[in-house]
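This report examines selected residues and their surroundings. The sequence and the structure are shown below for reference.

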Amino acid sequence: MATLSDVAALAGVSVSAVSRVLSNAPATRVSDDTRERIHAAAKTLDYRPNFAGRALKTSRSQVIALVVPDLTNAIFTELMRGVEDAAIARDYMVLLGRAEDMQPGGAMIERLIGEGRVDGMLVQLAEDVTSADVDRLMAGRAPVVLINSVEAGHPGSVVLDDERAARLGVEHLLALGHRRIGLITGVPESFSGQRRADGFRQAMAAASVDIDEALITRLGYEPRAGREAFRALMTTDDAPTAILVANVNAAIGALAEARSLGISVPDDVSVVALHDAWTAENTWPPLTTVRLPLYELGRRAAEAVFARMSGGAVSDVTVADAAPELIERESTASL
């Protein structure tokens, strides 16, 4: 197995220079040519760093944790990819965990942070997490960045432009001639659910279209909640002709309930969902969606936690430079 000395000899530099370059030490001062020679030598020799030794020397594990509510959720694929790409660029590994296993204040979180197994954490909170849980989580030894959730007194969250995405979905339905539009969104405590409801209201107000409050449901993002919400909306005396669903998983549940009720999508009601995933184009009918920049969300969140690990001040960030994108499929049609 190649050592730092082997790499230094092949590159014609000192061992200390190799160590600084390969560890991405912030104060490293070498020329671009020297840096390239070192990396080329390391590749030629198939050099692999001794992470155990580095951890002892730097008191860093070279690992960050990404905690999401459900690892099987197709929505999180791009988020994870963004986090991993940012981590790899800094020679870090990513530990993935489910919120069910790593609740704030729980034993797993205490072990990861208290025992120094991770240097920082990215957390997308589950809907049932309390403010006290968040306080305990943020008071730990490792820096924590919240994903798509802002908690009072804990700056440094990285969030999506949820209002803009919801407006785009509603504007698509309005352009198709729909005026009686319903909303299926997250539970009242959901940060993103509230923001997406705000975007829905903004788009309707901009078009001078009245909102029927009876056509707004706040039951959650799961397929089960989508089914329940769709049934509630479509069994009213004056059902909507179109529905914005604030999460693609709930929209899949809504389509399933439409089949159970004998309601045709889009002939009887058009459906637009927020978020895009492989599941959306494989439903029947394929779902029209608003794709949100989840890769960019993951990358920016990872960059934020690295900044905090370096002692930098981090403010709340909205991923606004990558705009939501309407993906038209077969679940929407003109009125």
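Are Tyr92 and Phe306 buried or exposed? In this predicted model, both Tyr92 and Phe306 are buried.

## The aromatic pair

The structure holds 1 aromatic pair. The ring centres of Tyr92 and Phe306 are 5.1 Å apart and the ring planes meet at 70°, so the arrangement is edge-to-face, the cut-off for that class being over 60 degrees.

Tyr92 belongs to the loop between α5 and β2 (93-98), whereas Phe306 belongs to helix α12 (residues 294-309), so the pair ties together parts that are 214 residues apart in sequence.

## Ala87 in helix α5

Helix α5 (residues 76-88) includes Ala87. The relative accessible area of Ala87 is 0%, so this residue counts as buried, the limit being under 20%.

Not counting residues up to four places away in sequence, Ala87 touches Ile64, Tyr92, Val94 and Phe306. Both members of the aromatic pair, Tyr92 and Phe306, are thus among the contacts of Ala87. Ala87 and Arg299 are separated by 212 residues in sequence, while their C-alpha atoms are 8.4 Å apart in space.

## Asn249 in helix α11

Asn249 is located in helix α11 (residues 248-261). With a relative accessible area of 16%, Asn249 is buried, because the limit is under 20%.

When neighbours within four places in sequence are left aside, the contacts of Asn249 are Asn73, Ile75, Tyr221, Glu222 and Pro223.

Key
Residues numbered from 1 in each chain as written. Predicted model: local features only at pLDDT ≥ 70, side-chain atom pairs only at ≥ 80, totals over all residues. Heavy atoms only, no water. Helix = DSSP H or I, 4+ residues; strand = E, 2+ residues; numbered from the N terminus. Buried < 20%, exposed > 50% of the residue type's maximum accessible area, 1.4 Å probe, protein only. Contact = heavy atoms within 4.5 Å. Phe/Tyr/Trp six-rings, centres within 6.5 Å; stacked < 30°, edge-to-face > 60°.
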